[in-house]
Amino acid sequence: MSELFDAVDALLASRAVLPPPAERKRLRAAHGLTIDEVATALKVRRATVSGWESGKTEPRPPERDAYARLLDKLAELYPVATPAAAPDAAVPATFTAAPAPAEAQTLSTGEASEAAVMTATENTQTPAPVAAAPAAASRPARTARTSSTSRRPGTKKAAPAGTRAGGGDLRFENGPLAVVDVEDGKVLAYCTGGLVLDVPAKSIPALVDWTLTEAKLGAPKLSGPGKDADPLIVLTEAALERYGLPVTLTEEEKHAGRLPEGHKVIKQLTRAEWRLTKRGFGPWARIYRPATGSERACVQLCIPSWNALDTRHWGTAAQLPPAELARVLGVYASRVMTPRGSTAVTGLELMTALHPPTRASEPDADGKRHSEHNPGSLGKDAIDPMNWPPCEVPDGHPVLKDLPRFHVRGPAEKLFEEAYDWARPMTDAECTLRFLVGIDVNMAFAAGANGLHVGLGEATHVTNPMFDPKLPGSWLVDLSHVDLSRVKVGKEWVELDGSLLPSPFTPKGERPEGPAWYATPTVAYAVELGYEVRPVEAWVRYDNGRYLDGWYNRLRDAYLATMADLGVDADLSPGDFLAAMDGYKARDPELAIVTSAIKATVKGGLGKLRERPRGEGWRPGEPWRALSRPTWRPDIRAAVISRTRINLHRKVVKHAAFTGQYPIAILSDCVVYAADGTSPLDFLPYREGKPLPGGFKLGINPGLVKHEGTQSVLWGEEVRDKFNAPELNLARYIKDGTVTDVDNGE
């Protein structure tokens, strides 16, 4: 009888009523659960839960019953808020959803809450859940605080019901940022989710005061010991004119990157006792007053017409109407973090936000807490420039000041871990094929950072060390004996045509000629290929950890969520994935901008780890500003690039061992193969929908590959003949076939 009851229960569960996909996501986010946590509890894949929340798929028994139970419990804890009626009009008292096109909305703004005091016992990462991307908001009419007006018809639908501009934190209920514009003589602040506020401020100092006291803008901290994100105000050209700022900078101001100190707006800020950071009033200006205790008073300005939003990373974002620009920046802010400058600066700041250098200690005998080092972080103090290993620093660093002038360091003096730029002539057999097909590794450098052990402190110098693949550092070792014609793939030795493969040890793919400095992942790969290594010396870091894991997870989740909104899910079959990727940017050009910015955040953040001098009268041998921060870590950058290059070479070797196919060219994370068809499926060895284990796999996750572009073999040969460059890197031009910047075949 119990079996019959179980069968009936299962039948009922199979018809369990589930809330709409958007509500599923809201309930999970309201409880602070990540997709990974839900997937683990239900014993399904992360992509499966993502599909349930996007509405692409529906759960089936037995998971459906458990999922329905979870959502029912969360719905009891977090019911949908019912807007309260204002005395004079039936409008929401607080913003919980974007108004319908015909609705009026009256909003009041209150005093901003003080920043929360750091919690002593919190030292684990608690990243905010990735937010759902709102639908493209229409450009709403202004909303007065004392009278209501109708929303004008928009070209796109408003944010879906049930979304909230600032998530669940009432201190930031209007979202992380606002785009300030002037319309019909009124100054308006376009927030995320379609919300529009009247701005009473008549000057920049008053705008800063309003932002901090009334606007309810900002974002919660990303980790326990961290700090809440400062509100971001984006100024349109009309707003710049209203507040007495130039619409564009002069050539002299562009070169300086800021307004002159005597500008009237800077004088206004000084009189109001506001300060600017060292970078002054530029495209990304930070205006603050010194903190008193835990209370912060800081607002950041973003000025698109001053090139704050670089077109290489943000596309046409600077030309978007205010509501659409607020949406683009708002999605990025909710999924990555509130922009702190360029995507490179934001990528670096994200590392610190997830791993703050300090935390509050346990109470002492008097019950007071003190600032102490946060385990797993890079610390609050930079490494002394003179304590850096000479092999790890770029030319001109103070530790190299005694080198002879014009001395060029070779591989035995300098760690040179860079991405691939390699190509070779095509073989006769390859010339008989019809097409060249390029595949590109998704977020390759992010994947290289995932799970990577990096040094957290200073390096220790050792001579004749035993190589330890688990010890981050730089190793001086001769790898010229590694022969790619015979290598280990897994546990078996295989014979390959080594002349058709790039060396994994140099960016140009050339075989090393003697001892050279390498990061740990490069040397570990030589061992993996079956060869003995004997380092001569090394700089190793015994204090190490997986510092970049939280950074990787945050950016990965942001990228996958945004691509899912564009119709490219993580669990698609190879054919469906290629079809979904075809023209995905056109489905929502604004979200496509966000994906570009996320990818730029990865590369730019890693590049900032080895920031070079930026003018300021610097001379070789002198320190520069970036050296004074704890996140100036060229060793971490080198380790990530090393691992990324090795990951790619490992896939190339496995592909060659299994198929006999070799790459024609490799540029960073793009690989080109000759094939008889135009699709990656024409040369990738899928069997019954399953890829070669350890080889290339089509998909949107970081480390998987997508189709970069296809050109004809005839095109490739004609281009190389035209420029008399038999080893021209065709991977650089495979996307659209346009050939530019050719210089002696490079």
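Strands E20 (residues 665–667) and E21 (residues 670–675) pair in the antiparallel sense, over three bridges; two strands are taken to pair if DSSP finds at least two bridges between them. Leu667 has Cys670 of E21 as its bridge partner. The strands and helices named in this report are DSSP runs numbered from the N terminus, a helix being H or I with at least four residues and a strand being E with at least two.

The model is predicted: local features need pLDDT of at least 70 and side-chain atom pairs count only at pLDDT 80 or more, whereas totals for chains, interfaces and linings use all residues. Residues are numbered from 1 along each chain as its sequence is written, and side-chain values use heavy atoms, with hydrogens and water left out.

E20 and E21 belong to an open sheet of five strands, ordered E10-E20-E21-E11-E22, in which the pairing is antiparallel. Its edges are strand E10 (421–423) and strand E22 (705–712), each of which pairs on one side only. From one strand to the next, the twist averages 20 degrees. Helix H20 (residues 634–659) lies across E20, E21 and strand E11 (435–441), and runs at about 15 degrees to E21. Such angles lie between N-to-C directions and run from 0 to 180 degrees, with axes fitted to C-alpha atoms and, for helices, over the stretch in contact.

## The seven-stranded sheet

A second open sheet has seven strands in the order E3-E2-E1-E4-E7-E6-E5, with mixed pairing. Strand E3 (196–198) and strand E5 (275–276) are its edge strands, each pairing on one side only. Strand E6 (residues 284–292) and strand E7 (residues 295–302) run antiparallel and are joined by seven bridges, with Ala285 partnered by Leu301 of E7. Helix H6 (residues 204–213) lies across E2, E3, E4, E6 and E7, at about 125 degrees to E7.

Strand E1 (residues 177–183) has seven of its seven residues buried, where buried means under 20% relative accessible area, exposed means over 50% and partly exposed lies in between (1.4 Å probe, protein chains only). In a regular strand the side chains alternate between the two faces of the sheet. In E1, Leu177, Val179, Asp181 and Glu183 are buried on one side, and Ala178, Val180 and Val182 are buried on the other. E1 runs parallel to strand E4 (residues 232–235), to which four bridges join it; Leu177 is partnered there by Leu232.

E1 is also joined to strand E2 (residues 186–191) by six bridges, and these two strands run antiparallel. One of the partnered pairs is Ala178 with Cys191 of E2. The hairpin of E1 and E2 has two residues between the strands, and Asp184 in this hairpin takes a positive phi near 55 degrees.

E2 is largely enclosed by the rest of the structure, because five of its six residues are buried. Three bridges join E2 to E3 in the antiparallel sense, and Tyr190 stands opposite Val196 in E3. Four residues lie between the strands in the hairpin of E2 and E3, where Gly193 has a positive phi near 80 degrees.

## Helices H2, H3 and H4

In helix H2 (residues 21–30), the buried residues Glu23, Arg24, Lys25, Leu27 and Arg28 pack against H3, H4 and helix H5 (63–77). Gly32 follows H2 and has a positive phi, near 75 degrees.

The axes of helix H3 (residues 35–42) and helix H4 (residues 46–54) come within 8 Å and cross at roughly 110 degrees. H3 is therefore roughly perpendicular to H4, a class that spans 65 to 115 degrees; angles under 35 degrees count as roughly parallel, over 145 as roughly antiparallel and the rest as oblique. H3 passes H4 in a right-handed crossing, in which the near helix is turned clockwise from the far one by less than a right angle.

H3 contributes Ile35, Asp36, Val38, Ala39 and Leu42 to this contact, and H4 contributes Arg46, Val49, Ser50, Trp52 and Glu53; contact means heavy atoms within 4.5 Å. By class, the contact of H3 with H4 comprises six nonpolar, one polar and three charged residues. Ala, Val, Leu, Ile, Met, Phe, Trp, Tyr, Cys and Pro count as nonpolar, Asp, Glu, Lys and Arg as charged, and the others, Gly among them, as polar.

## The protein as a whole

The protein has 21 helices and 22 strands, and 52% of its 746 residues count as buried. Among contacts with a separation of 6 or more, 70% are between residues 24 or more positions apart.
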